[in-house]
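This briefing goes through a structure by topic. Please keep the sequence and the coordinates open while reading.

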Amino acid sequence: MAAVTDAAVPRAPSLLAKTGTAIRRNPTIFFGGAILLILVALAALAPWITGDPLKLTPSQRLRPPSERWWFGTDQYGRDVFARTIHGARVSLVVGLSVAAFASVIGLTLGLLCGYFRKVDAIVMRVMDGIMSIPSILLAIALITLTRPGLGIVLVAIVIPEVPRVVRLTRSVVLSIRSQPYIESAISGGTRGAKLLIRHILPNTMAPLIVQATYVCASAMLVEAGLSFLGAGVPPEIPSWGNIISQGRAFFQIAPWSILIPGAFLTLTVLAVNLLGDGLRDRLDPRLSRRM
Amino acid sequence: MSILQVRDLHTQFFTQDGVVRAVDGVSFDLDQGETLAIVGESGCGKSVTAMSILRLIQAETGRIVSGSIKFEGRELTTLTEEQMRGIRGHDISMIFQEPMTSLNPVLTIGTQIAENVVRHLGVSWQEGLNRAQEMLELVKISDAKRRLDEYPHQLSGGMRQRVMIAMALACRPKLLIADEPTTALDVTIQAQILDLMLELKEKIDAAIVMITHDLGVVAETAQRVVVMYAGRKVEEATVGELFAHPMHPYTRGLMRAIPRLDIDAEAEGRRARLQEIPGMVPVLTQPIPGCAFAPRCPFATEKCTAERPPLVENRPGHIAACWHTDRVLEQAA
């Protein structure tokens, strides 16, 4: 009898087993998150693990990847490894800041639009206007008007991303407003700011976080596109976009200076999207069928 | 003493198809400590009546067009939104039909109860939480202290309805409006919840407006019943009187549609069969000149479709709006 009871009691799973279960349940979150973490670590430690990305070594131009030059060198003899890892900083800073700014601005406007019908009518028309402008063109226009720099790139990418967040938040707020628990809160005397902030805002978080990951991925791509066109960060800051742009002329003899930063860009965007998909499935299973 | 007086209430919704007369001239009184049931099928205006009392009709879609709602002598229809907020959840509370969706999924039980207490009674957050715990104990939720930190999804449907009751009663309201409080629960839980509501009502001496389509719930809980059909009150009586002598053909139809175990129809030589009321609820966008029930009524005559029957007190304390009360009672006897 005692033996049976003992056998029936499951042993506490070990830490390793628990991690294994977590990975099996959410493989996309895990792999996306892991790739991102590695990239963030590389980018943060770039000055210590690589050489100077701007240092010219004229005697070592267009060298293929080797033990000395892991990712080869470009037409000026600059280390592509150092440039690529430093370029990760620009991409990550742009991706994360754009996601943060666009979310905060979009969330605020979206909440107001979903809650106050009069604000809605005005703000949504402005958003429709912004959405009708091609984002790359808007960015190029803004950048040509000012001195190039990281700040203006951020502004130029945030503006076209905001309407997407506003629309999402607004639609979520509208659907939450008609939920019985909101009616119930109103029937208890809650109204105005408190209803909006305490009862509605937390319910918008799950879809917003998922949307933020997509905004992050899209911002990285737009930044690379702008830098490729020469309208992004200034050339003295290496970014995947301008590395690819500069390597373009020598693609046939030195393909590594394009393929490697390109692969990093693809991998990063993929990781962010994987993370977003995983979070979506985890935070809001209903969304996964809709999108 | 009457705590709530509703007089000739008209609530209308303005839709693309026209004006929906959801509540069309309803009047009733509610005494302190009394339980009044409002009965009727879906769409008869019983929930809208409740929402009108708390002024919860969304201004974009509809409004109280005319009539008066007096609560403790105060006219509710003319109060400002700010004043109404002080009444909602404090003097008048409401319990909704859907316990599964009437609690905010992202806030803890404790927060949701304490919030109302803090707002209306002006106590500290900690005192609010203490009151929340007291209320959970009162509605017989075990381990109340731990439950304060739990989220709605961690509770079963019956427990959530208990939480809703705790929330509604936390500020000791004088009037509780229960909109089909047991409809979404299974039968064994229904009885527990009803018993609990009645017990707590005695404890805090509140009056209850019980909105339901379930005559079983009426018989168990209420002292008086208002029967509504198509936005109008068609009959009102005490519970015993109504079940003994239903005077309106609609009320009789409702009663015949309840399965009963105590009538042995087989023994009388006919098959036990529930009788439904033929036809459909009328469309409320068209004005109905006569009795709204006439198209479905076996007693209907030309007079019924032409002229609206007044509410007449045919027996002491028992009023009904029907031209043919005599024939209805005769057939029953």
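The model is predicted: local features need pLDDT of at least 70, side-chain atom pairs count only at pLDDT 80 or more, and totals for chains, interfaces and linings use all residues. Residues are numbered from 1 along each chain as its sequence is written, chains are lettered from A and ligands numbered from 1 in the order in which they are written, and side-chain values use heavy atoms, with hydrogens and water left out. Chain A and chain B bury about 1,800 Å² between them, and nine aromatic pairs are found over all chains.

**Interface between chain A and chain B**

- The size of an interface is often given as the accessible area lost when the parts come together.
- Of the roughly 1,800 Å² buried between chain A and chain B, 52% is on carbon and sulfur atoms; buried area is the accessible area (1.4 Å probe) that two parts lose on being put together, summed over both.
- A:Tyr181, A:Ser187 and A:Arg198 supply 28% of the area that chain A buries against chain B, more than any other three residues.
- In terms of contacts (heavy atoms within 4.5 Å), 17 residues of chain A meet 27 residues of chain B.
- The chains share one salt bridge, defined as a side-chain nitrogen of Lys or Arg within 4 Å of a carboxyl oxygen of Asp or Glu.
- A:Arg198 and B:Glu115 form a salt bridge, with their closest N and O atoms 3.0 Å apart.
- Ten residue pairs, both members at pLDDT 80 or more, are in polar contact between chain A and chain B. A polar contact is a pair of N or O atoms within 3.5 Å; within protein, one must be able to donate a hydrogen and the other to accept it, and residues adjacent in sequence count only if both atoms are side-chain atoms.
- On the side of chain A that touches chain B, helix H9 (180-187) and helix H10 (192-228) of chain A each supply at least two residues. The largest share, six residues, comes from H9(A). Helices (H or I, at least four residues) and strands (E, at least two) are DSSP runs, numbered from the N terminus.

**Aromatic contacts**

- Rings of Phe, Tyr and Trp (its six-membered ring) pair if their centres lie within 6.5 Å; planes under 30 degrees apart count as stacked, over 60 as edge-to-face and the rest as tilted.
- A:Trp70 and A:Phe81 make a tilted pair, 4.9 Å centre to centre with 55° between the planes. The pair links distant parts of the chain, eleven residues apart: A:Trp70 is in the loop between helix H4 (46-49) and helix H5 (80-115) of chain A, and A:Phe81 is in helix H5 of chain A.
- A:Trp70 counts as exposed at 54% relative accessibility, whereas A:Phe81 counts as buried at 12%. The classes are buried (under 20% relative accessible area), exposed (over 50%) and partly exposed (in between), with a 1.4 Å probe and protein chains only.
- B:Tyr229 and B:Phe293 are edge-to-face, because their planes stand at 85° with ring centres 5.2 Å apart. B:Tyr229 belongs to strand S9 (residues 224-229) of chain B and B:Phe293 to the loop between helix H10 (249-256) and helix H11 (302-306) of chain B, 64 residues apart.
- B:Tyr229 is buried at 1% relative accessibility, and B:Phe293 is buried at 3%.
- One aromatic cluster is formed by A:Trp70, A:Phe71, A:Phe81, A:Trp240 and A:Phe264.
- B:Lys303 lies over the face of B:Trp323, 4.0 Å from the ring centre; a charge sits over a ring if NZ of Lys or CZ of Arg is within 6 Å of the ring centre and within 35 degrees of the ring normal.

**Positive phi in chain B**

- B:Lys140, a residue other than glycine, has a positive phi near 65°; B:Lys140 is in the loop between helix H4 (125-138) and helix H5 (144-147) of chain B.
- B:Asp143 also has a positive phi, near 55°, and lies in the loop between H4 and H5 of chain B. B:Asp143 is partly exposed at 43% relative accessibility.

**Single residues**

- B:Ser68 lies in strand S4 (residues 62-71) of chain B and is buried at 17% relative accessibility. The side chains of B:Ser68 and B:Glu75 are joined by a polar contact of 3.0 Å.
- B:Arg224, in strand S9 of chain B, is buried with a relative accessible area of 15%. Leaving aside neighbours within four places in sequence, the contacts of B:Arg224 include B:Asp29, B:Glu34 and B:Glu236.
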